[in-house]
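Me: I would like to go through some of the labels used for this structure and ask what each one rests on.

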Amino acid sequence: MPHPLTPVTLRGNRVRLEPLSLDHVEGLRLATKDSRESFRYTWVPEPNEADVARYIESALSAHTAGTALPFATIRTDTEAVVGSTRFMSAEYWSSPDGKPSDSVRPNAIEIGSTWLGASAQRTFVNTEAKLLMMSYAFEQLDVDRLFFKTDARNAASRANIERVGAKFEGILRHNMYSSDGANNGYRDSAYYSLLHDEWPAAKESLLARLRD
């Protein structure tokens with residue numbers, strides 16, 4: 001069974017990522033109330049307490065199962081919950097001779113299930129949140145590979161992933177159901193990754209963007 005990742009709060013200058021809990025129901029509900037135009041390609045709960053609670057409970061179940069570490073995304077100037085993101089799909093690689101990993105350190109991990117309310121989109125929030133998560137993944141978890149995937153149709157998401165320094169790997173066709181039922185009900189996912197030795201340059205680029 002995968003090792004559940006230890007909950008941690010990641011603090012930046014203007015963004016804080018804290019472990020998602022049912023205490024965030026009302027904050028997330030408010031974050032979903034405005035324009036939902038950008039939510040077409042991902043699961044974002046409806047702006048009501050019951051659906052938000054189901055969303056959080058599903059994320060917490062994934063953490064218990066060892067497959068995710070979900071966060072609430074918070075702007076520190078207003079203390080408003082503006083969205084959610086998570087580590088997920090942690091990989092523990094077998095050794096070359098086939099022995100299973102006994103490490104609590106994942107070799108690779110995904111950043112995904114990321115969404116922001118309309119008021120936080122096209123602001124510093126996504127950049128700083130990614131800096132916090134990527135720094136933690138490479139500098140604390142010491143992963144070898146960090147990866148992202150998004151609906152291949154989601155041009156905005158793909159551009160955001162490329163801006164944090166990840167390299168395009170290719171399209172995995174029909175790898176899950178599409179959130180909107182398009183493409184005969186299947187989603188084609190665009191995959192991106194960043195390797196450990198690529199992180200210093202990507203980090204400097206992110207820091208420069210936050211200074212601008």
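**Strands, cavity and one histidine**

Reply: In this predicted model, alanine 108 has arginine 145 of β6 as its bridge partner. The chain runs from β5 through α3 to β6 as a right-handed β-α-β crossover.

Me: What makes β5 and β6 a pair?

Reply: Two strands count as paired if there are at least two bridges between them. β5 and β6 (residues 145–151) have three bridges, in the parallel sense, and therefore meet the cut-off of at least two.

Me: How do you know that β4 and β5 pair, and in which sense?

Reply: The cut-off is again at least two bridges. Strand β4 (residues 80–91) and β5 are joined over six bridges, so they pair, and the sense is antiparallel. Methionine 88 stands opposite glutamate 110 in β5.

Me: Why is the crossover called right-handed?

Reply: The term applies if, with the strands pointing away from the viewer, the path from the first strand over the helix to the second runs clockwise. The path here goes from β5 through α3 to β6 and is right-handed, which means that it runs clockwise in that view.

Me: What makes β5 mostly covered?

Reply: A residue is buried if its relative accessible area is under 20%. In β5, seven of nine residues are buried, so those seven fall under 20%.

Me: How many cavities are counted, and what is the volume of the largest cavity?

Reply: The count is one cavity of 30 Å³ or more. The largest cavity has a volume of about 50 Å³.

Me: Why is histidine 174 called partly exposed?

Reply: Histidine 174 has a relative accessible area of 44%. Buried would need under 20% and exposed over 50%, so histidine 174 is partly exposed.

Me: Where is histidine 174, and what does histidine 174 touch?

Reply: Histidine 174 lies in strand β7 (residues 167–177). Leaving aside residues up to four places away in sequence, histidine 174 touches Asn183, Tyr186, Arg187 and Asp188. Its C-alpha atom is separated by 25 Å from that of proline 70, 104 residues apart along the chain.

Key: Residues numbered from 1 in each chain as written. Predicted model: local features only at pLDDT ≥ 70, side-chain atom pairs only at ≥ 80, totals over all residues. Heavy atoms only, no water. 1 Å grid on protein atoms, 1.4 Å probe; cavity = no way out; pocket = protein on both sides within 12 Å on 5 of 7 lines; lining within 4 Å. Points joined across faces, edges and corners; volume = space filled by probe spheres on them. Buried < 20%, exposed > 50% of the residue type's maximum accessible area, 1.4 Å probe, protein only. Helix = DSSP H or I, 4+ residues; strand = E, 2+ residues; numbered from the N terminus. Contact = heavy atoms within 4.5 Å.
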